[in-house]
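Subject: Handing over the structure

Hello,

I am passing this structure on to you, and my notes on what turned up follow below it. Please open it alongside the text as you read.

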Amino acid sequence: MASINLNVQGISSASCIQIITKALKSLSDISSIHVDWESGRVQVLRLNNESSDIIHLLNQAGYHASLDLDEQ
């Protein structure tokens, strides 16, 4: 199981968390999603360590996402 940590800009409410969670649940190998809207961080647990598809989904949902290299 890989832990992928992201910095996500634009998280400002509970509805943002719902949008992010819904977008990421479309990937079948994700087992856990944790969104911390105060820090703008999202942690995803998945079977592999691929992050480009996650970043792409978040960008499509309207949020600028990047890897949190300090936490990787």
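Which residue in β3 does Ile4 stand opposite? Ile4 stands opposite Val44. (Strands here are DSSP E runs of at least two residues, helices are H or I runs of at least four, and both are numbered from the N terminus.)

A word on the source before going further. This is a predicted model, in which local features need pLDDT of at least 70 and side-chain atom pairs count only at pLDDT 80 or more, while totals for chains, interfaces and linings use all residues. Residues are numbered from 1 along each chain as its sequence is written, and side-chain values use heavy atoms, leaving out hydrogens and water.

The sheet

The open sheet is formed by 4 strands with antiparallel pairing, in the order β2-β3-β1-β4; two strands pair if DSSP finds at least two bridges between them. At the edges are β2 and β4 (64-67), each of which pairs on one side only. From one strand to the next, the twist averages 25° (axes are lines fitted to C-alpha atoms, for helices over the stretch in contact, and angles run from 0 to 180 degrees between N-to-C directions).

Here is how the strands are joined:
- β2 and β3 run antiparallel and are linked by 6 bridges; Ser32 has Leu45 in β3 as its bridge partner.
- β1 and β3 are also antiparallel, over 6 bridges.
- β1 and β4 pair in the antiparallel sense over 4 bridges, and Gln9 stands opposite His64 in β4.

The hairpin of β2 and β3 has 4 residues between the strands, and Gly40 takes a positive phi near 75° there. Buried means under 20% relative accessible area, exposed means over 50%, and partly exposed lies in between, using a 1.4 Å probe and protein chains only.

α2 lies across β1, β2, β3 and β4, and runs at about 160° to β4.

Which residues of α1 are buried? They are Cys16, Ile20, Thr21, Ala23 and Leu24. Because they cover an arc of only 160° around the axis, they sit on the same side of α1 (the arc is that of the directions from the helix axis to the C-beta atoms). Their cover includes β1, β2, β3 and α2. On the face turned away from this buried side, α1 carries the exposed residues Ala14, Gln18 and Lys22.

The core

In soluble globular proteins, nonpolar side chains tend to be buried together. Here the largest nonpolar core has 18 residues, and Val8, Ile20, Val42 and Ile54 have the most contacts inside it. Such a core is a set of buried Ala, Val, Leu, Ile, Met, Phe, Trp, Tyr and Cys residues joined through side-chain atoms within 4.5 Å. Two or more residues come from each of β1 (2-9), α1, β2, β3 (41-46) and α2 (52-60), and α2 gives the largest share, 4 residues.

Not counting residues up to four places away in sequence, Ile20 touches Val8, Ile11, Val35, Val42, Leu58 and Tyr63; contact means heavy atoms within 4.5 Å.

Two loop residues

Ile11 lies in the loop between β1 and α1. It counts as buried because its relative accessible area is 10%. Its C-alpha atom is separated by 6.2 Å from that of Gly40, 29 residues apart along the chain.

Asp29 is in the loop between α1 (14-24) and β2 (30-36). Is Asp29 buried or exposed? It counts as buried, because its relative accessibility is 16%. The side chains of Asp29 and Asn48 are joined by a polar contact of 2.9 Å. That term covers a pair of N or O atoms within 3.5 Å; within protein, one must be able to donate a hydrogen and the other to accept it, and residues adjacent in sequence count only if both atoms are side-chain atoms.

Best wishes
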